[in-house]
Amino acid sequence: MAPQDSAGTHGIRAWSGQSDPARSGLSHSLPDQEFRPTEANEALIYDPDAHGAPRPRGARAVSAPWRKDEAPRMEDEIDLRHLIEVLWQGKWLIAAITAVAMLVSGVVSFFVLAPTYEATTTLLVNLPSRSAPPTFLVNLPPGEWPPSGQGVQSVLERLAPYPEMTLETFRQQVTNSAVLARVIDDLKLNMTKADLAGKIKATVPKDTNLIQIAVRDTDPERAARIANTLVQRYLEHVNVLTRGRFERSTEFIRDQIEAEQQNLQQALDRLKAFLQQPRGVDELSKEVEAKVDLLARYKARQTDLAVGIRAAAAEVDQARAQVAALVPKLTTTRRIVDDPYLQQLAAELGRTDIARLSGLKLDSEEINPAWVEAAKVLSAKEVALAQLRAEQAALQEAIARTEKELETLRAELAEKQTAQEQLQTQVDISKQAIKAFTQKYQESRISEAARIAETTLTVAGEAIPPRRPVAPRKALNVALAGVLGAMAGVFTVFFLDFWRSTPPAATAGAAGVAAARGAGARTASELHSD
């Protein structure tokens, strides 16, 4: 099978370094007008491993044939041997660039840059412990005051607390502008506050109560003086801050004392006026006690009456039974001779012989004295029972009336007791507040005169002039310069090799097209001869 002429299509074969049975034959043809040399394919040639022909330096291989229905697939091949050869050929250039970089770094580090020294001082911070708010304040219902003797002091601690500064707050205050200004004035430094702040570094080591203050300067003596002066001025600044806070707290407490004294006087006046009112709590209490005692006696009498009424009713029933058992009248039959009085009367009237009248009988009725006596007893017992029942009814009315009066007295007493307790509570609260404010005022005056910074901050170690500089780090600078110089040398060698081996775009494009066509023609001839 013969290859087509150049006016038709040209077979182009590319290899990736391995034999592919699927691509062992002549590749698909591609019309000339569809293949145009561009900057993207200007160096397309056959693979030297596949054809045994050397590849021009800088040329790139194509790993797949171009087809009408498939975009060209390209893979760059890295020749490790070529890279090593390039580096070996440019070894003196790399060494020269590295040596120049190290030399420049050494000159700058040893002769140009001024040495910087660091003086360090340490502060020990004694932070006061913070107590949580008492539970009776946290759980206190709205509108109620804390228990007597417990809450006023805690409330006062929160109204006018002492200055509380954290470790980070102390650290931030080291570079306070007022402190820096005093240091500059004391040491006559020719620099601004911003310049001085740039020389100072305050750090807090982990899990410690220490503040390390480091000052960097080109003069070791001056670095130590700045560090020590800075610490002294810093302590004075903290004293000024705390003293100002104590002054404000003292003034606040004094104002509160005056206000509470006025509140106490007003509360006492209201309580006095209340106690002067008629029917006060004491009088009502006595009346209630009297009514309670009277009611108790009434109820005791009521119990006795109930027992007496039951007993009197039983006696009345017994007396009625006795009366019922007797007859009210007795009938008697007598003869005249048996009655001397009748005999005398008959003799005087008729002068009749008594013997003749002896057979006459006289029937008479008389009231039974036993019945009369029993009736009297029954009447007396009924009267006594009626009296007991009348007394019981009157006693019940008296008990009801007394209970109502007692209820009214108790309501009035409770109302006045509540009012008096409220007034007394206001008086007690004002007294407690004045006592607490007075105690706090005395503490504030004492603390105002004290130097809090000296008890909170302690200089653990003064700064001494350092002997060795901390910057520049000459050996490190030279080593970094050597590494950067070697990298720059390698880049320069590869860039020069690329520049020499890569032709201009137009020439490279034409050469690539010609090489591709020649490769395609040779491949087709080999296949045809086979």
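Predicted model: local features only at pLDDT ≥ 70, side-chain atom pairs only at ≥ 80, totals over all residues.
**Entry 1**

I looked up the strand order first. Four strands form an open sheet, and they run β6-β7-β5-β10. The pairing is antiparallel. I then checked the edges. β6 (200-203) and β10 each have a single partner strand, so one side of each has no neighbour in the sheet. I also noted the twist, which averages 25° from one strand to the next.

**Entry 2: strand β5 and its partners**

I turned to β5, which covers residues 117-125. How many bridges join β5 to β7? I found 8, and the two strands run antiparallel. β7 spans residues 210-217. On the other pairing, 4 bridges join β5 to β10, residues 457-461, again antiparallel.

In β10, L123 has V459 as its bridge partner. I looked up T122 as well, and its partner in β10 is G461.

**Entry 3: helices α3 and α15**

Next I took the helix pair. Two packed helices are described by the angle between their axes and the distance between the axes. α15 covers residues 474-501. α3 and α15 pack at about 150°, with axes 7 Å apart. An angle over 145 degrees counts as roughly antiparallel, and therefore α3 and α15 are roughly antiparallel to each other. The crossing of α3 past α15 is right-handed.

**Entry 4: a nonpolar patch**

Which residues make the nonpolar patch of about 860 Å²? I listed V100, L103, V104, V107, V108, F110, F111, V112 and L113. V100 is found in α3, residues 91-112.

Methods
Residues numbered from 1 in each chain as written. Heavy atoms only, no water. Pairing = 2+ DSSP bridges. Patch = residues over 30% accessible without salt bridge, like charges linked within 9 Å, V, L, I, M, F, W, Y side chains within 5 Å. Areas by Shrake-Rupley, 256 points an atom, 1.4 Å probe, with all protein chains shown as cover. Salt bridge = Lys/Arg side-chain N within 4 Å of Asp/Glu carboxyl O. Axes fitted to C-alpha atoms, helices over the stretch in contact; angles between N-to-C directions. Parallel < 35°, antiparallel > 145°, perpendicular 65-115°, else oblique. Left-handed = near helix turned anticlockwise from the far one by under 90°.
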